[in-house]
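Q: Could you take a close look at the salt bridges here and walk me through how the charged side chains pair up?

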Amino acid sequence: MNSVQEVSKAYIYSINGPVIHVKGSSDFHMNEMVFVGKEKLLGEVVSIDYDTTIVQVYEVTTGLMVGEPVIATGKNLSVYLGPGIMGKVFDGIQRPLDYMEQKSGTFITRGLNMEALNPDKKWDVHMTVKEGDSLHGGNVIATVQETALIIHKVMVPPGVFGEVIEVVQDGSYKIHQTIVKIRDKKDTILPLKLVQQWPVRLPRPYNNRQMVTRPLVTGQRIIDTFFPIAKGGTAAIPGGFGTGKTMIHHQLAKWSDSDIIVYIGCGERGNEITEVLEEFSKLIDPKLGSSLMDRTVIIANTSNMPVASREASIYTGIAIAEYYRDMGYHVALMADSTSCWAEALREISGRLEEMPAEEGFPAYLPSRLAQFYERAGYVTNLNDTEGSISIIGAVSPQGGDFSEPVTQNTKRFIRCFWVLERELAYSRHYPAIDWLGSYSEYSEVLRKWYGEQIDKRFYEYRTAFITLLQQESKLMEMVKLIGEEVLADEQKLILQIAKVIRIGFLQQDAYHKRDTYMPITKQYKMMEVIYYLYEKAQKLIAKNIPISVLLKSLIFKEMLSIKYIVGSGREGIFEELHKKIDDFYDELYKAYEDME
Amino acid sequence: MQLEYIGLQKINGPLVVLEGVKRAHYEEVVEITMDNHEKRMGRIIELIGDTAVIEVFKGTAGISLKNTTTKLTGHSLEIALSKEILGRIFDGRARPIDGLGSVYPEAKWDINGSIINPIGREYPRHYIQTGISVIDGLISLIKGQKLPIFSAEGLAHHALAVQIVHQAKLAKQEGTHFAVVFAAMGVTHDVAAYFRNSFEKSGILDRMVMFLNTANDPVVERIVTPRYALTTAEYLAFEHDMQVLVILTDMTSYAEALREISSSKGEIPSKKGFPGYLYSDLASIYERSGMLKQKKGSVTQIPILTMPNDDITHPIPDLTGYITEGQIVLDKKLHQKGIYPPINIRPSLSRLMKDGIGEGFTREDHPDVANQLFVSYADVQQIQALAEVIGEDALSETAKSYMAFGKAFEQELVMQHEDENRTLMETLDIAWKLLRLLPREELDRIDKLLLDKYYIAHKGETQNE
Ligand SMILES: Nc1ncnc2c1ncn2[C@@H]1O[C@H](COP(=O)(O)OP(=O)(O)O)[C@@H](O)[C@H]1O
Ligand SMILES: [Mg+2]
């Protein structure tokens, strides 16, 4: 925030919550950042009329007076992109909450315009270009070990071209120091630094979009097997309060095979941010021996923080995600919750007295949602590396009613829908993802990957499991009306196996030390062994052995806790289970053979 | 010299409009004097050029366009604070109603509070024992948590609040006792009196502060009452290192007041006529709780709300649930069965419980036992439904044991007397007694080692495994 045009005749004309009207000058442009009032509160231009400009203010407006000055900055709301982002916690407009705490204490004070990235910190910079190189946007000019896990690639900003005329030596530099000078076609000399700015509402460019082909592996069984999300894909998690949206976000942030996590706490609880920060700092990635915070950035705009900055937080987060994607990383962005963001839109729209569409939400809600989710994708970057952004957004429908506008409109733009079911949460079946109502449109494109990387029968079991659960649901309708007795033995067996699938396989307690994460290969073997039991039991039933006899064996009970048995990581556990099933089968088979 | 403005340009519900105002601050407090010398305070809620929209705390009855003079005070709403505030009783706008005169201020704080930087928070982990089994065992309250009670008319939520206040005790003896800040919004005089008498009887009046806005007090005041209360709580917690428990009742009246003012302003409503900013507004109350790294004190909130039509999806409970760290839900059916406290554990939840219980906090078996009780009680519901179809006699032996468990759970664990104060060990013992009604193989949420230790079968059959 350097080049401020100090001369300004613009002044505050009216104040209504975070929305102010400005008169006296119309020398503003849309989405321009402005300083409001004597305390220089940060705001953004959201509407311009011939004599009135409307600004949304990112800080609390209490105490502002009509007549106070409004100063244009000439810049759009932008993020600072450079080393020092990883491991940090920013608010919705990228103010560094940790420096702010050091400087102004526990409570957030107003008008504290701090730079997002520490301007005084020196970074060890390794130069990757030399004089005479011809460069374009996206080219990597230097690398910096940003954290133990992340090599930061300093890139030429998009849209900049030229020939290198000066390069500094490898060494330690601050973010605002010039490290490369280039001369463009018009003979203008452009300094390049470790840091660049980017307007948050504008997607960063890439060369081209690719088809998604690989899953984002999450270690959560119901997601990886039933409803997988692709790297570069989008997913929404709708669910009433307490159904587990935040937990799924935390789990994916912790366990998914992403290089970078952008975690946006948007209009949610303060303690949840504290929790992420504490837990992620403690969690050490076993492969890399470094804390998860080293690859995570948190954007925290809790429910009690100013609503305009909640609106901005989503864009701040996605712009940062795109920047790391441009370096060739696979980024997962968590937005908890997009509904709070939509509510911020509604709140501001209401204060702007715009014509509302459904339930008071502005008519542009769908297009804003689309713009956000469209920024996900698997791409070839300007520098020919590959990178991706996967977006996972929580949706908190009012009253848990999925017909409301945010859920419905989100559904149009995402391709995985992980529905959280209140009844499951009430029964403490976690994750409370409804296996009948959820879907993933990626399952077909990912079939190949699963076939090649895991096993060609993966999808067979997956389909079989889903079918069994559908059958169970139909049978349960009947049982509810007339009891279980009328069912045939094959049907009763379906109920038994479905129970094993639900409890033994789909349930996964995030707090359980060993079951919180499971590699896909093990997930596959689990499916395989459960299905093996089913096939064997079917054979026994086909031999007219009553189901009641089958159930006398403890094998079904044991399979209910199969996840813990498998989770224990004991060698040869699957062979053991197979043998148990064989024994169970042989014993019964033989007994009945003898009888006959 | 302060300017005085004569007359008003418009009056609408609790709002008045004043034109020609100079140098007014957004949300500044104004003082309106009527020609009978009565003074009313108001707050600027919108400024447009030289026009100010003002909400008048005592309402606009008796105010005309001509009979007032209005003065700006130059500050936002503040409360006078000192440690002497303990033991005092105020109305909804922090004016003493106990006849003891005003508080000599050591500090004056803005009632809107400041936003806590999430970095400055400390994650809450200290278990509070309420002596109520179902809460301590299954929906544990943690110091610094915001855990509301979702109730409905006539469901003993007042008695429950009193019991919690009376019995709440920190497991680890930091400080001695809780200081209690109690705020009533729109409650009847009877209810206000009930609370006052109960607190008096339990001898805790001298460590509590009460703010009472009763049903016939002005609606606008209801908007500020919880903010006076929370500012007081923050002062005691963060200036005087106290552990403070805040009871806010009834948040439904609060939200309805907000709706009334919003509609006077002609704002575009969202669901059920509530303003679009209800979520943010409720958050600005509920988020004022927690623990801070730099301070020894804490603010724990137990807001109470009545669900209109017992409907948990109504915007007030719904938005509350999205903000608070769980909820304790009272249930009419349990109440009708004569069970006190009528807490239904299925929709109830304490989000902070997991980090504040178990080994090192309460007892090693606590998390598994809680988990198992939740799951088994959920199974009971299914089996009950089945029993209604095929008759209880036709149930399998295991199913029958669930029926017995379900009944005992409600009768022995949930039900307790209004002044019965159980230790956590007693609660867990009851829990094990109930779990023993079920076959050991059914208890799949409990670690095997814990089962070996605690599931001592009373008839001895399951021991020799
Ligand atoms: N996968 C899970 N494993 C264990 N507990 C869970 C899981 N998901 C949710 N829970 C429980 O549900 C509670 C609410 O989950 P949360 O994610 O905060 O819900 P939401 O964000 O939908 O309101 C958590 O505090 C936890 O107790
Ligand atoms: Mg959540």
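**Salt bridges up close**

A: Happy to! In this predicted model, one network of salt bridges links E275(A), E278(A), R125(B), K354(B) and D355(B). Over all chains, the count comes to 58 salt bridges. As background, side chains of opposite charge can pair when their charged atoms come close.

Let's turn to individual pairs in chain A. E472(A) and R502(A) form a salt bridge in which the closest N and O atoms are 2.9 Å apart. E472(A) sits in helix α11 (residues 458–482) of chain A, while R502(A) belongs to helix α12 (residues 489–506) of chain A, so this pair ties together parts that are 30 residues apart in sequence. With a relative accessibility of 6%, E472(A) counts as buried, because the cut-off for buried is under 20% relative accessible area.

Another salt bridge joins E485(A) to K492(A), and here the closest N and O atoms are 3.9 Å apart. That value is within the 4 Å cut-off for a salt bridge. The two partners make an interesting couple: E485(A) is exposed, its relative accessible area being 65%, whereas K492(A) counts as buried at 13% relative accessibility.

A further pair is E576(A) with R570(A), whose side chains meet in a salt bridge at 3.2 Å, N to O. E576(A) is partly exposed, having a relative accessible area of 38%, and R570(A) also counts as partly exposed, at 44% relative accessibility.

Conventions. Residues numbered from 1 in each chain as written. Chains lettered and ligands numbered in written order. Predicted model: local features only at pLDDT ≥ 70, side-chain atom pairs only at ≥ 80, totals over all residues. Heavy atoms only, no water. Helix = DSSP H or I, 4+ residues; strand = E, 2+ residues; numbered from the N terminus. Buried < 20%, exposed > 50% of the residue type's maximum accessible area, 1.4 Å probe, protein only.
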